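Thanks for coming, everyone. Let me put the structure up, and then we can walk through it.

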Amino acid sequence: MIVLLPTYARPHLFARICADLRRELTSRDALVVLDDASPDAYAGDVLAASGLTEHVECTLLRAPENRGRIGYWRTVGALLDAAFELRRPGAELVAYLADDLRLADGWRQRAAEETTRVSRYPGCIGLHAHRDGRTREWGLPGGDDVDGQGEHMAWQDGVWVTRARWLESLRPEEVNRDWVRYPHLGSGAWRSSSYRTHAAGLWWFRPRETLCWHDDQGASVMNPQATASEGARKRRRVCTVTP
């Protein structure tokens with residue numbers, strides 16, 4: 001498995017996900033971290049302290065300047081490029097995570113098993129791995145039952161497991177928004193990515209079992225307006241509690 005992980009200015013959260021990954025990954029896996037030009041370049045030290053650099057193949061990238069939400073589509077593209085470089089022959093799994101996630105015990109094995117199980121469904125690109133309560137998003141459908149084991153989703157919001165052959169179809173297009181007039185808009189990267197995969201007839205399986213969850217007190221860095229108040233967080237139904 002190749003794990004892609006962006007981080008920015010959150011060393012304590014990054015250390016936490018690195019500890020989870022140290023527990024879950026094997027020596028056959030690879031980890032790519034992209035530091036979005038954090039003021040304090042902590043990622044290398046945290047990776048070493050976690051023991052990951054001695055355990056798995058680690059690649060640390062650092063953006064030349066902070067891209068933030070406005071340029072997040074570039075961050076996603078850079079991580080996908082890195083996965084292309086690392087992919088090996090065969091059905092290589094690729095996971096995209098976030099630095100505020102926690103991983104359930106047995107995450108890697110469970111994710112691999114789920115991905116293998118649902119690969120028999122035509123058009124299924126992989127796992128929409130984070131259960132935050134939403135079904136429809138950006139006008140794209142989701143929530144239809146799949147054999148009582150999960151849900152059919154037309155979109156994903158940046159936590160997924162797929163196979164290397166689908167990576168190019170996930171690449172978001174350039175996102176242009178009126179950031180001056182609407183400075184709190186989300187990055188638009190995963191919306192663009194989801195539109196692309198949906199237009200290609202591809203879909204995601206969201207397992208009913210909890211594989212990972214955001215542990216971020218409910219506040220979204222990428223879409224602050226959507227989680228600016230308790231009411232907004234409830235409407236968005238962001239999952240922030242340990243299962």
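This is a predicted model: local features need pLDDT of at least 70, side-chain atom pairs count only at pLDDT 80 or more; totals for chains, interfaces and linings use all residues.

The accessible surface of the protein is about 11100 Å², and 49% of that belongs to carbon and sulfur atoms. Accessible areas here come from the Shrake-Rupley method with a 1.4 Å probe. Residues are numbered from 1 along each chain as its sequence is written, and side-chain values use heavy atoms, with hydrogens and water left out.

How much of the protein is buried? Of its 243 residues, 52% count as buried, meaning under 20% relative accessible area.

Now the fold. There are eight helices and eleven strands. Both are DSSP runs, numbered from the N terminus: helices are H or I with at least four residues, strands are E with at least two.

Look at the open sheet. Nine strands line up as β3-β2-β1-β4-β9-β6-β10-β8-β7, with mixed pairing. Two strands pair if DSSP finds at least two bridges between them. Which strands stand at the edges? They are β3 (57-62) and β7 (142-146). Each has a single partner strand, so one side of each is left without a neighbour in the sheet. From one strand to the next, the twist averages 25°. Axes are lines fitted to C-alpha atoms, for helices over the stretch in contact, and angles run from 0 to 180 degrees between N-to-C directions.

Zoom in on β6 (residues 124-128) and β10 (residues 203-207). They run parallel, joined by three bridges. Leu127 stands opposite Phe205 in β10. Helix α5 (residues 107-118) lies across β1, β4, β6, β9 and β10, at about 150° to β6.

Next, Glu151. Its place is in strand β8. Glu151 is buried, with a relative accessible area of 7%. Beyond its neighbours within four places in sequence, its contacts (heavy atoms within 4.5 Å) include Arg131, Asp144, Phe205 and Arg208. The C-alpha atoms of Glu151 and Phe205 are 5.7 Å apart, though 54 residues separate them along the chain.

Last, the cores. A nonpolar core is a set of buried Ala, Val, Leu, Ile, Met, Phe, Trp, Tyr and Cys residues joined through side-chain atoms within 4.5 Å. The largest has 37 residues, and Leu21 is one of those that touch the most other members. Apart from it lies another core, of 32 residues, including Leu34 and Trp155.

Definitions and conventions:
Buried means under 20% relative accessible area, exposed over 50%, partly exposed in between (1.4 Å probe, protein chains only).
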